[in-house]
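Please open the structure in your viewer and keep the sequence panel beside it. This tour tells you what to select next and what to look for at each stop.

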Amino acid sequence: MRIQRIQRDIPSQLIYAGVDKSNLRQLVENELEKHGKECRCIRCREIGHKSLRQRIIIDEYDININTVFYTASEGEEVFISLVNEKYDALVGFLRLRDIQNSHRFELNKNPCMIIRELKIVGRELEFSKRSKKGFQHRGYGKELIDEAIRICTEEYDKKHLFVLSGIGVKEYYRNLDFKDDGVYLSKTII
Ligand SMILES: [Zn+2]
């Protein structure tokens, strides 16, 4: 069940109409707890949020890639995540979208897909075992991007992958062979 995500940030006694509770998430969490359930939304599954509630020590070899295909906004999207199944905790995720008839010329040149979001949430993790390389160097972002590249070619038969990134992150993608392409960066998959 979805809850209203954008809340009025005003005292509840000043609300005259509509939802008059200003702590919906908390109410939902209490209700779930009564039923012995936990919220499984992205935010609650992020390892940082989880570790506020319980002590989590993850073996870095116990992190797997999980991929979900779904439709959104009249298109197909792919949610690729790095998950520790023991805690149902998200270490990072990438949202990939199949592009059809975009309003942007860059995206209309060739059949393509776009990385809509890439987030690594496990940087401050406490790990029980560390390889020599250490988890910081394992490159979770690259692992997610590699999987996006694989899906782009193997599942969608497309050779062009785009990303719209903030200026500060562009260098990261350039190092992974993405080239500046209008407002985006793109990579031709060979
Ligand atoms: Zn949640």
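Two residues are in contact if their C-beta atoms, placed from the backbone, lie within 7 Å. Helices (H or I, at least four residues) and strands (E, at least two) are DSSP runs, numbered from the N terminus. Residues are numbered from 1 along each chain as its sequence is written. This is a predicted model, in which local features need pLDDT of at least 70 and side-chain atom pairs count only at pLDDT 80 or more, while totals for chains, interfaces and linings use all residues.

**The whole chain**

Begin with the protein chain as a whole, which has 6 helices and 7 strands, running from the N terminus in the order α-α-α-β-β-β-α-β-α-β-α-β-β. Colour it by pLDDT, the predictor's confidence in each residue, from 0 to 100: the chain averages 86, and 88% of the residues score at least 70. Among the elements, β5 has the highest mean pLDDT (98) and α3 the lowest (81). Now select residues 131-137, where pLDDT stays under 50 and the model has 6 contacts beyond four places in sequence. Where pLDDT is low, the predicted coordinates should not be read in detail.

**Helix α5**

Select residues 140-155, which form helix α5. The expected span of a helix is 1.5 Å times one less than its number of residues; for the 16 residues of α5 this should give 22 Å, and the end C-alpha atoms are 21 Å apart, which agrees.

Which residues of α5 are buried? A residue is buried if 20 or more other C-beta atoms lie within 10 Å of its own, exposed if 12 or fewer, and partly exposed in between, with C-beta atoms placed from the backbone. In α5 the buried residues are Y140, L144, I145, A148, I151 and C152. They cover an arc of only 135 degrees around the axis (the arc of the directions from the helix axis to the C-beta atoms), which puts them on the same side of α5. An α-helix has 3.6 residues a turn, so residues three or four places apart point the same way. Turn the view to the face of α5 directed away from its buried side, and you will find the exposed residues K142 and E154.

To see what covers the buried residues of α5, show β2 (75-84), β3 (89-98), β4 (112-120) and β5 (160-163), which are included in that cover.

**The nonpolar core**

A nonpolar core is a set of buried Ala, Val, Leu, Ile, Met, Phe, Trp, Tyr and Cys residues joined through C-beta atoms within 7 Å. The largest one here has 33 residues, and those with the most contacts inside it are L94 and A148. The elements that give two or more residues to this core are β2, β3, β4, α5, β5 and β7. Select L94 and, leaving out residues up to four places away in sequence, you will find that L94 touches I80, I115, E117, L118, L144, I145 and A148.

Two strands pair if DSSP finds at least two bridges between them. β4 and β5 pair in the parallel sense over 4 bridges, and C112 has H160 as its bridge partner in β5. β5 is also joined by 4 bridges to β7 (residues 184-188), and these two run antiparallel; the bridge partner of F162 in β7 is S186.

Strand β6 (residues 179-181) runs antiparallel to β7 and is joined to it by 3 bridges. In the hairpin of these two strands, which has 2 residues between them, G182 takes a positive phi near 65 degrees.

Finally, select E106 in helix α4 (residues 105-108). Leaving aside neighbours within four places in sequence, E106 is in contact with D181, G182 and Y184. E106 and D181 are 75 residues apart in sequence, yet 7.0 Å apart in space, C-alpha to C-alpha.
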